[in-house]
Amino acid sequence: MERRVVITGIGIWSCLGNDINQVEESLRQGRSGIVYEPERVEYGFRSGLTGRVDKPVLKGLLDRRQRANLSEEAEYAFMASRQAFQHAKIDEPYLLDNEIGCIFGNDSSAKAVIDGYRVMEQKHDSDLVGSGSIFQSMNSTVNMNLCSIFHLRGVNFSISAACASGSHAIGLGYMMIKQRLQDVVLCGGAQETNMYGMSSFDAIRTFSLRHDAPEKASRPFDRDRDGLIPSGGAAALVLEDYDHAVARGADILCEVVGYGFSSNGGAISQPSDDGSALAMQRAMDDAGVTPDDIDYINAHATSTPQGDMFEAKALARLFEGKPALISSTKSMTGHECWMAGASEAVYSIIMMKGGFVAPNINFENPDEHSAHLNIARVATPRSLRYVLSNSFGFGGTNSALILKNL
């Protein structure tokens, strides 16, 4: 018999805030975390826009050796995971006495690679690169560091699936627990925010150039959108077998009831309404619900003309005339890339427990596709039982999660 999978703890480190309370306030107020950084333009970028994420202060929390092994995104992930374990009432004795897995979404570690290259270019001596560089520069930097720091002894790997990475990580953690392979899994996503990891995106003219009004630059579904804004940080969630959570007296936030996935099978950067709709339908089939049951959809919509259009077509196909409210929290955060699927699950849980839907800010003029959608322009009080969260990425990877309020 398949087991029920619940979420007992969440943590977040993002441009909307450094903990759940700060982030909830930003979501309720529709407050943007986007800023203009002139040094990006000076470096050669077309766009100087980014989500501003605070650098964690780790001294006093981790020893020198542990700090040396952490990449930028792993630092964010440590802070988010620390919050998630505290929220789930999982302390160090519990971590030492029980097996917990770790599955994180992460698809690059650019800064660590570039820093190591620069040392070699200038000094021509690999001894000066530093022994922590290898652990910072691997794509598995997040989960390997978290498993070492928190003494995690269960499943241990990274999901590298572009901007759906964080969502797939949750989906796989859900499947592991459902199929009795693990009792508890720390899942999430992490994204570095330095400019080095974003040069290739800037090169394909993906980013908004609305420098005069950074807070208005991210405009998912709006007719006048001109591109996405890079952002990042980390989000962490403690997934747990329902009976296990009840037995240890954990507070249950919600249940993961559906995971759907698909691949578009087309051009490497081409979105697909068919692929998007299939992932959503599979998630609903897994959850045993219909479009009429969904109360809120956290759309992937990144504020690009093509991506928003294809998702809008897929959403209209399934949800036009249905009661679900729709918003893209990327209107406030920008595109958090590899972490987005995990952070948007956290944002959705915050809304679910707070009884509201965060606004799709900057949605002023619908286009022909978004005009068919029930998009929340302002923060809206709403009782949320079922929430659908979409994440899509380059290579045609699609992921959809359904969370149920308990």
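Okay, housekeeping. Residues are numbered from 1 along each chain as its sequence is written, and side-chain values use heavy atoms, leaving out hydrogens and water. Since the model is predicted, local features need pLDDT of at least 70 and side-chain atom pairs count only at pLDDT 80 or more, while totals for chains, interfaces and linings use all residues.

Let's start with S348. You'll find S348 in helix α15, residues 340-354; helices here are DSSP runs, H or I, of at least four residues, strands are E runs of at least two, and both are numbered from the N terminus. Is S348 buried or exposed? S348 is buried, at 0% relative accessible area; buried means under 20%, with a 1.4 Å probe and protein chains only. Leaving out residues up to four places away in sequence, S348 touches Y296, N298, V387 and S389, where contact means heavy atoms within 4.5 Å.

Next, α15 has a partner. The axes of α1 (residues 20-29) and α15 come within 10 Å and cross at roughly 80°; axes are lines fitted to C-alpha atoms over the stretch in contact, with angles from 0 to 180 degrees between N-to-C directions. So the two helices are roughly perpendicular, a label covering 65 to 115 degrees. From α15, the contact uses Y347, I350 and G354.

Last, the sheet. It's open, with 10 strands ordered β5-β4-β6-β7-β1-β8-β14-β13-β9-β10 and mixed pairing; two strands pair if DSSP finds at least two bridges between them. At the edges sit β5 (156-159) and β10 (325-327), each pairing on one side only.

How values were computed: Buried means under 20% relative accessible area, exposed over 50%, partly exposed in between (1.4 Å probe, protein chains only). Angles under 35 degrees count as roughly parallel, over 145 as roughly antiparallel, 65 to 115 as roughly perpendicular and the rest as oblique.
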